[in-house]
Amino acid sequence: MILKNRGGCKVSDLNKQKIVESVPQKGFFGHPKGLFTLFFTEFWERFSYYGMRAILVYYMYYEVSKGGLGIDENTALAIMSIYGSLVYMSGIIGGWLADRIFGTSRAVFYGGILIMFGHIALAIPGSISMFFVSMVLIVIGTGLLKPNVSSVVGDIYPEGDNRRDAGFSIFYMGINFGGLIAPLIVGEVGMKHDFHLGFSIAAVGMFFGLLVFVFTKKKNLGLAGTIPPNPLSETEKKKVFSRIGLSAVILAIIIAITISMGILTIETFVGLVGILGILIPTIYFVVMYRSPKTTVTERSRIIAYIPLFIASVMFWAIQEQGATILAHYADNRTNLEFLGFSISPAWFQSLNPLFIILLAPIFAGLWVKLGDRQPSIPKKFSLGLLFAGLSFMVILIPGTLTGEDALVSPIWLVLSYFVVVLGELCLSPVGLSATTKLAPTAFSAQTMSLWFLSNAAAQAINAQIVRFYTPETETLYFGAIGGIAILLAIVLFLMSPKIQGYMKGVR
């Protein structure tokens, strides 16, 4: 007789899977063949997201006569930050659903479906209502897909496999190949021809990602991601679904009433998301730390994770302004005629992934070559923060030299993006890997969602501070934020030995 566990998988199948996992696979650049599926799924998902994002802020604040929505520039920048914050904040929901109900694999698939329909909604011309519908679909869809596809990457490596960090770097390349190509294609079509045609291309990209995932996951991933690590019982599921349905109805009623009364406006919503961006990760840290399912060693690792999380928030607060403040800077403060070519402001969005593609193999090889001599995780984070701060110091130089009215050379933007990428390669793939190592077993997918919440918190903060950016305050704006990041980098570096001690064997 063949028994089944609560996740519905045969015990014999699980044993086979364990046997397969005990032998290191080398089917994709010396890594498990499942990395192929995850690499290209994420490639197309990021193609769709970064393609949409490259033109979205311009679509919001360009005049209706130019095909845009005609939203005020400062409001558009705040909405863009809130959009990014909600995208990553929804990862908590996606992580919880994967951990407790249907596993990471199905979460990835359902998320891709919602993302594709979100881009289709954006492709419908001339409707601000469809813009907000698309926001909801893409926010929920990305929350399901983004943290869970990264979590599956960790699942395909046996515990103690030294290839894990390098595997995440290769996976990170997939993200950035999509991010490199998308602004060039979608930016060209959206900015020079039609915004909605550009959004249609983003929808097609997500469709391709779904095809890759569906047709290769069984062969390449096996049972990875199919079994919830902490599943709800049938009785618990009924209670949860009832509460979700009731909460959705109550929330819809509250939103309808507050909008009609003029209480819920864009400004109040921005402020609310700013509060949630800080409150939600704080609650999550407390819940995981106090959970009876968390061991003493895991609690120590959670404490070590807190300063890394704070450093990540500061880093992403700078890096994500590449799609808001620096995108606006490219459109309004940069000379777009360069060496006889007319540059689209959306093309600058390709600089970040371009530099990552060029430099990621160097960093991955460096960490492998250094082995046990490489910097600890906290020290890598401090380096990431340092470079982030310096990138803002770079961009304040041309304004200081030429004044607030003159157009500046695009070289300054290129240099700023380059410097922040040095920091990103020290922090982001390392943070993904560290999250899978430091995560409590009962909260594996949710801890990955918590990692992405650092980005959500950063963009929620950005939504509050972008209003302070003007041509007159440009130097102060970049200088203050860059200076704070450099100061935090120094503090984190000095605290590194103490943080490393709390990691309990994780390096």
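## Ile-275 out on the surface

Ile-275 is exposed, with a relative accessible area of 54%; the cut-off for calling a residue exposed is over 50%. Keep in mind that this is a predicted model. If you're looking for Ile-275 in the structure, go to helix H9, which covers residues 266-290.

Now jump along the chain to Ala-460. In sequence, Ile-275 and Ala-460 are 185 residues apart, yet their C-alpha atoms sit 7.9 Å from each other in space.

## How H2 and H7 pack

Next up is a pair of helices: H2 (residues 34-61) and H7 (residues 195-221). Their axes come within 8 Å and cross at roughly 165 degrees. Angles over 145 degrees count as roughly antiparallel, so that is the label for H2 and H7. As for handedness, H2 makes a left-handed crossing as it passes H7.

What does the contact of H2 with H7 have by class? There are 19 nonpolar residues, along with 10 polar and 2 charged ones.

## The nonpolar cores

The largest nonpolar core has 136 residues, and Leu-56 and Phe-478 are the ones that touch the most other members. H2 turns up again here: it supplies the largest share of this core, 13 residues.

Which residues does Phe-478 touch, leaving aside those up to four places away in sequence? The list runs Ile-325, Leu-326, Tyr-329, Phe-392, Ile-395, Leu-396 and Tyr-469.

There's also a second, separate core of 8 residues, with Leu-97, Ala-98, Leu-144 and Leu-232 among them.

Note on methods:
Residues numbered from 1 in each chain as written. Predicted model: local features only at pLDDT ≥ 70, side-chain atom pairs only at ≥ 80, totals over all residues. Heavy atoms only, no water. Axes fitted to C-alpha atoms, helices over the stretch in contact; angles between N-to-C directions. Helix = DSSP H or I, 4+ residues; strand = E, 2+ residues; numbered from the N terminus. Parallel < 35°, antiparallel > 145°, perpendicular 65-115°, else oblique. Left-handed = near helix turned anticlockwise from the far one by under 90°. Nonpolar A, V, L, I, M, F, W, Y, C, P; charged D, E, K, R; others polar. Buried < 20%, exposed > 50% of the residue type's maximum accessible area, 1.4 Å probe, protein only. Core = buried A, V, L, I, M, F, W, Y, C linked by side-chain atoms within 4.5 Å. Contact = heavy atoms within 4.5 Å.
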